[in-house]
Each structure stands twice: as structure tokens, then as C-alpha cells.
Amino acid sequence: MGLTLTEKILSAHLVDGEMVKGQEIGIRIDQTLTQDATGTMAYLEFEAMGVPRVKTERSVAYIDHNTLQNGFENADDHRFIGSVCKKHGIYFSRPGNGICHQVHLERFGVPGKTLIGSDSHTPTGGGLGMIAIGAGGMDVAVAMGGGAYYITCPQVVKVELTGKLQPWVAAKDVILEVLRRLSVKGGVGKVIEYVGEGVKTLSVPERATITNMGAELGATTSIFPSDEITRQFLKAQGREQDYTPLAADADAQYDAVVEINLSELVPMAACPHSPDNVKTVEEIGPMKIDQVCIGSCTNSSLMDMMKVAHILKGKTVHPDVSLSIAPGSKQVLNMLAKNGALSVMIDAGARILESACGPCIGMGQSPNSGGISLRTFNRNFEGRSGTKDGQVYLVSPELAAASALAGVLTDPRTLGDMPEFKLPEVFDINDNMIVPPVNEQDMDSVEILRGPNIKPFPVSEPLAETIDAPCSLKVGDNITTDHIMPAGAKILPLRSNIPEISKHCFAVCDEEFYKRALELGKSIIVGGANYGQGSSREHAALAPLYLGVKAVLVKSFARIHMANLVNAGILPLMFENEADYDKIDQGDELKIEHVAEQLRAGDTIEVQNATKGFTFKAKVSVSARQKEMLYAGGLLNYTKQNS
């Protein structure tokens, strides 16, 4: 029986465990990436491990999230990260060089390699044939120190692509169709592997759009084969030596199959407030819009920008619409400037933003109150735009540009004939905004530059024998990490300062949570299904840790967030009987006795509701290694004990 591409790469990197689906495996990591919103904490954790030099083949730190410098905090963080990189063997992509996933695709991604990043959209690298996985910052720190990265050996879902996209139908519509079918929970514990004749019709940037937004499925990652199209892309980037042909065996066995005929797809949009709330443009109708934002790690490639420029050429943005465009990298911006496309965008009335995440992470461009915003981004969670009642729709660049001109949601197929868009045979290559580290013999001369906003990693304690604490908060289904630890221009600069950022923890759900949790001293959070979906931000675990949260009890967890809770030493519990969720109220006293003893005995924990006078069971779906981490009080303590 043949192997899937996923199985081939994972097997080649296996260092612990066996390739048995559902069991934990440890894999060797070739590359890591961080961004500045998660990077400061990741590098503080790396420093705490005492490893002098990274042991990966390539580690890169990007500055792309916190680029709005309206105070000293962000600039101090950037300076700190730059100095850590210089000293410890990490490449440093300076502010303005571009969005981490776009730049990594252009300059560093290598087919067949493993990559983890402290950003949930790291699976973008799957467009090049990498196993690229979003992870918590502490997991990235451990990998930089030479440790294995642990995941549940995944099921592999085959998405068979046939046909070819019709004019003005985009790669974004492909992943929207997958989300429409599978939902934001449909990829949990799975890798989505794209195969079929239709793959050959998609460029690497189009494949990267699909793997990028595959994160919204809850999938471990997504991957395309590495083929002649991959080789041509790498050659155009001056990196043909990095090419390796990779594909699944013809007789590979998959756990599920999804068939998509590209020829049958139509322009679509993800409606508020979830990436899987997908409808066709025809179903939505000519809705009046207020704002259009084009960019993000999903849709900011040169090809995306050239399509937008073609649509805007000789026209003017509708007077009722604000259009902003953020090219994904310095390379893209430079090439747009040289070929005249940038001038076309400016002439049309677009507001050109720097090559960074910007509005996607809530850094500016918040829509007007109740405003309808079309965005080429990957997430439209409530309030993520910075406007609490903003109505965000996720669309392709083609649909976004056509709608910006019309002032209403517009099917781009009404634009007439679509010219053939081709990637250049040679990209502009200028890596002068990527700073290499010093040689190992010179590292002692490098001073680490710390600003006053950079606070130490919060202290976690070994697992208590008894957890006796009130429920400080009860929330519903699909709570995202944006709910737990919001982003935005006001909060992101505090990512290096856990005591300060904790004041905003769960503010979207309950503005009194911070004060209540602090006064209680220790507590338990209760939640519904798919708790912790969305961003990989470990601050959604670190802030609760600082606030004394000892356990989180939910119906089900999103993968990365549950791992982050374990890394922080917070006990992740799931109701054995989901009906017990309804029997718990905020303020109820919950008690777990002999915690470690119960954990060692199995995967079921008995929980008492002392207030209501009943006992129920909860599951702890973690590996034996993760149990040891919980006993120790988290990954950092565990790593120190076992180093």
C-alpha cells in the first residue's frame, strides 16, 4: 500500500512514536518562524532554556503584526527580537520587509521540509509541498533548541481537484468551498492533501492561498505536491536548488475523499462572523458596502495584486467606499512600483498600506460602526476588525476590487474577458531587509536589548493535588482566541507584558472577568464546543495562567489552544457527557481531588460541583508526555527537568 505525501514527509522526520493515526508522534523540525506579536514571548522562552544557538536548519523572525508604532512598546519589542536573532543564530526580517508567510514562501520555504511557526497560518508553506504547522511560541522555542515537535498522527483527507477555474473565479473560492463543506471543525486532527489534474492549473501563490486559509478548518495543516509548477516558482525566486519533486503514491490510501470540480465553482463570500458561513455572491445579492481591504497573508501575492490593478485601471473607487491595499512583501511592492501597477492603484483612489498584516490583525482600517467590509483575509470573527458591530465578509481580490468600484457586492464575472495572468520568469530579489545572525564566535559580543514593557514569562507551578476553585466564567461554543485574548492596535503592543495584557482577557465576553479572576486568585473556566479556535496566540493561555486559571472545562478544544494550555500547565478537561455543561453556572464551586493520581490512572477525571451537589466525569485527552508536562507545571518546567 502506497503512502500519502503527508505520510512520506512525517515518516522521514519521525523521531518519537509510531505512525499510527490518533497516537502522538514527535517530528524533527527543519525550519521555524515567528512574528512579532508572538515572537517576544517565544524568544524569552528560548532564552530561559539556556540554549546558546538555534539547532534548526533555518529560523526566521518576522516583524509584520505590531508595525504601528504609536508608543515605545512595539519599537522596543522589535529591537529586542532583532538582538536575540543576531546573537542566537536567527534571521531577522525587518519591519517593512513583508508578511511572514508571504516572505517565507518567496525566500525560505523548501519542499519536503518541516516548518512550525508561532502563527496559525504557517500552513501557507504547504503550497510549496512543506509540512508547515502553526504552533504555540513555546513549541517553537523548543524546536529552535533542537527538541521534537509533537502532534497527534493525523488522518489524511484527499481533496481531489479536477477541471480548471473559470475566468474571475479564484483560489479563494476553492478554500471557501472546502470550508462550506467541512466547516471550521471539519479538519481537526487531519491534514488536507490536494491532488488531481486540477492541481496543475494552480500556481504556487494560488496553492498558498488555499493552504493558508485551511487553518480555518481546524486542520493540522494542508499540503500540495511539489511539481514542475513548484520548480518554476523556485527558479523565478533564484532558488531552483531547493526544488524536490514530491507527490503521493498512486495507490495511497486516504481516510476521506472530497471531490471538487474547479470548473463548477463560482465567486463566493464567507459571511459574518465565521469563515465557514459561506454563500455564493448570487445568494447574497448586490449588498451596499462601506469598505474594501485587499491584502493579508492569504491574498497579497504579486499575482493577486496584478489582478486587482487590472480591474482598477482607468477607473475610480466608488465615493462611498474606502479601499485599502497592502502588498504582502517588499518584493511584491517593488515589482508593482516598477511595472506601473502601483500607480494604477493610486490613480484609482486606493489607500496603499505598508507590507504588513495591518487590518487583518486589527492594526488600523477598522470599518465604520455597523459598516460592511469586504476583506481578502482569512478570518471574520466578531470584533476582530476593531469595530465591535462591523460586518466582515471574506472574498477574493477579484471580487473585492470589482465591488470597490461598484459600491455594492459585485460578481467579478461581470467584468468581461479576463486576460491571462502569468507569474514572472524572474522575481526581483533583494534580501537587504533580512539581517543574518553573527557568527557563533562573535555571539558573546551581542547585547540583548530589553525595553521596560518586556516582562518575564509568568511562573507556573506543578499540578496541585487538589483543585478547588469557582467557575469564574462560562462561555458558549466556538469561542476564539480573539475572544480570550483580543488583538488590535491598543492590545497587541502589550504582548511582551503578560500582567498588563491580562487586563483585556475575555473583555469581549465579560469586561469584569479580569477583575473577578484576580480577586478569586484561582478559578476554572467553563466553555462549549471548539473552544480556542483561531489564532495560535499562546497569550490566550498565558493570560489565564497569570490570572490563576487552574483548569478549562469544555465540550471540545481546538488543537493549538489545547496544546498551549498544556504548555502553560493549565489542565484541559472535556465533559464526558456534554449535558453536564448545562448544569454548571458561573460562580459554582468545582472541586477535583487527587488530580495527579486520577491522571495516572487513566484519561477520566471526577469533578464535583460542590455548589449544586453533584459529581460528573471529564476527559483529559492528552498524551503520556503531556501528562508529565502537566505534573511539572508546563512545557518550560518539563524541558528544564529533562534537559
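**View 1. Buried residues of helix 4.** Cys 100, His 101, Gln 102, Val 103, His 104, Leu 105, Glu 106 and Arg 107 of helix 4 are buried (under 20% relative accessible area, with a 1.4 Å probe and protein chains only; exposed is over 50%, partly exposed in between). Helices (H or I, at least four residues) and strands (E, at least two) are DSSP runs, numbered from the N terminus. The model is predicted: local features need pLDDT of at least 70 and side-chain atom pairs pLDDT 80 or more, whereas totals for chains, interfaces and linings use all residues. Residues are numbered from 1 along each chain as its sequence is written, and side-chain values use heavy atoms, leaving out hydrogens and water. The buried residues of helix 4 pack against elements including strand 3 (31–35), strand 4 (58–62) and helix 11 (330–339).

**View 2. The largest nonpolar core.** A nonpolar core is a set of buried Ala, Val, Leu, Ile, Met, Phe, Trp, Tyr and Cys residues joined through side-chain atoms within 4.5 Å. The largest has 103 residues, and Phe 506, Tyr 531 and Leu 571 are among those with the most contacts inside it. Helix 5 (residues 137–144) supplies the largest share of this core, 6 residues. A second, separate core of 56 residues includes Ile 311, Leu 336, Met 345 and Ala 401.

**View 3. The closed barrel.** Seven strands form a closed barrel in the order 21-22-23-24-27-26-25, with mixed pairing; two strands pair if DSSP finds at least two bridges between them. Strand 21 (residues 467–474) and strand 25 (residues 589–592) are antiparallel over 4 bridges, and Ile 592 in strand 25 is the bridge partner of Ile 467.

Technical notes
Contact means heavy atoms within 4.5 Å.
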